[in-house]
Amino acid sequence: MKRTTLSLIAGATALAAVTGFASLTTPDGATAPQAKAPTRLPVERAGLACPVPSTSEVAETLYTSYTPLSGGTDPAKGGTGGTGGSGTADKPATATAQLRPAASTTTSGGATKGGKKTQAPKAPATVTAPGKPVTAEANGPAAPALTGAATGTLAPGWTVQQTTVVPAGGARGLLGLSCGAPDTDFWFPAASTAKERQDYVHLTNPDDTAAVADIELYGPEGVLKSQFTEGIPVPARSTVPVLLSTLTGEAAQQSVTVHVTTRSGRVGAAIGSADEKLGSDWLAASADPASTAVLPGIPADATSVRLVAFVPGEDDADLKIQLVTQNGTIVPASAGSLHVKSGMTASIELPDLTRGEVGSLMLSPSDPKKPTPVVAALRVVRGKGDDTEVAFVPATGAISARATIADNRAKATTLALTAVGAAAQVKVTASAGSGGGTPVTKTVTVKEGTTTALTDLVPAGLKGSYALTVEPVSGGKVYAARTLAVPLDGTPMFTVQTFVDDRGTVEVPSARQDLGVLD
């Protein structure tokens, strides 16, 4: 499959984010009628950040960028229902999507140690129209962090997947991450300061002004005494990796919760974790604290699962642990409850959890009358002995409108859909392939309290990789995750990403629509 080489000088891959804003203009002299109710229009600008993919000399990274098709989208025009941030309603501006390298404190261009050079840049990869993924490669440790923005019809739902294979060394593994939108508050349960772990929190600033971030660490006994964690400067369009174990002088902790906030500006944040025994992967942020947490997509052949939870508030939490399987919701034999003290990280091992079936973990209050917001994540291991690999599954929110994950591959992707509270019907679309193929759409009904696994939804005539888009149609809440499994030399390498609603529309007063802003 042909792939465009990632440029280390210009933007590498078209990106989209799950946050954005809509810019609407009112014709001069028009009188706005009173708005009866707000309406939703596509966002016209979205931004996100991808961290440095790896510092390994043998790392091979593939970026896959994709914007899903939306109703009324016309690729020949630059926007639907707006101007893409410039132009007028009568003359739409051209949709754009551009990523640029962010300055890094730890990477540099040119030759790497040992004389191995990174790939020479050829041309940036950009998405020119919704509906087809575009890929770009970057090999070696000099691949930079990336920041950028999308406008017009390329903004709503735009996503990028960063997938890295490290075949050998202490950071070996398949590392996957859906590049995230910049924000001001992140929770990361399941991090660690253990000796065998090298966990870096990557802070990437996509904006033109500097950001200042704070990092708090919480262990099983509460706050870890730390240093150099307040007022961390993140220069404009730069990335700063911070090794967690260097932030505290306290004894190493297997399970730590990391809280990243900004006192000024915004950052993209993700934790790169490398375990010298188990492998490596990215730990994405947990969903915002909530009294019920769903952690979808635990592989059927998981050999070890560790649940890590944290309560940010003042009250302790007594949680009921349930496994949502293909046949129903059950209480795991290994553990049915977990007590989490306020401000302290709690963890529990869940051996033999899935027993050959893809499943999702659900946490809820043991006493419904005492709901307590929590954040949570899973560390999941596949394989045994020396042939093991690790991945992380953070708690995620239900898909409210649409969510997409790119870089799926034939015979390597498993989509897990979990319905909570009521049965649900969803539409799942497998896009055209990056090298060719015809999109396929399937409507799936998920019974209440069950998890449905799909492995065969692949574009007809697929060439390259493809994107999966999930859209609720009716019924209850749906949570989703995909597993990408790429075995290598006997090691069951895999990575799991949860589907996060793309927030591709924004609520605006309906009067704007009445003024003819929409085409």
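1. T413, L415, L454, T455, D456, L457, Y466 and L468 line the largest cavity of this predicted model. A cavity is a set of points on a 1 Å grid over the protein atoms alone where a 1.4 Å probe fits but cannot get out, and lining residues have an atom within 4 Å of a point. Strand 30 (413-430) and strand 35 (466-485) are the elements that give two or more residues to this lining. Strands here are DSSP E runs of at least two residues, numbered from the N terminus.

2. By class, the lining of the largest cavity divides into 5 nonpolar, 2 polar and 1 charged. Ala, Val, Leu, Ile, Met, Phe, Trp, Tyr, Cys and Pro count as nonpolar, Asp, Glu, Lys and Arg as charged, and the others, Gly among them, as polar. The space in this cavity is about 50 Å³, and the model has 2 cavities of 30 Å³ or more. Volume is the space filled by probe spheres set on the points, with grid points joined across faces, edges and corners.

3. Now the second largest pocket, with a volume of about 470 Å³. A pocket is an open set of points with protein on both sides within 12 Å along at least five of seven lines. T55, A171, Y200, H202 and A274 are the closest to its centre of the 24 lining residues. Strand 12 (197-205), strand 18 (268-275) and strand 19 (279-283) each supply at least two residues of the lining. The classes here are 9 nonpolar, 10 polar and 5 charged.

4. Strands pair if DSSP finds at least two bridges between them. Strand 27 (residues 375-384) is joined to strand 28 by 8 bridges, and V381 stands opposite V390 in strand 28.

5. A word on confidence: mean pLDDT (the predictor's confidence in each residue, from 0 to 100) is 85, and 82% of residues reach 70 or more. Residues 72-92 have pLDDT below 50, yet this stretch has 44 contacts (heavy atoms within 4.5 Å) beyond near neighbours in sequence. Residues 512-519 also stay under 50, with 22 contacts beyond four places in sequence.

6. Finally, conventions. Residues are numbered from 1 along each chain as its sequence is written, and side-chain values use heavy atoms, leaving out hydrogens and water. In this predicted model, local features need pLDDT of at least 70 and side-chain atom pairs count only at pLDDT 80 or more, while totals for chains, interfaces and linings use all residues.

Key:
Helix = DSSP H or I, 4+ residues; strand = E, 2+ residues; numbered from the N terminus.
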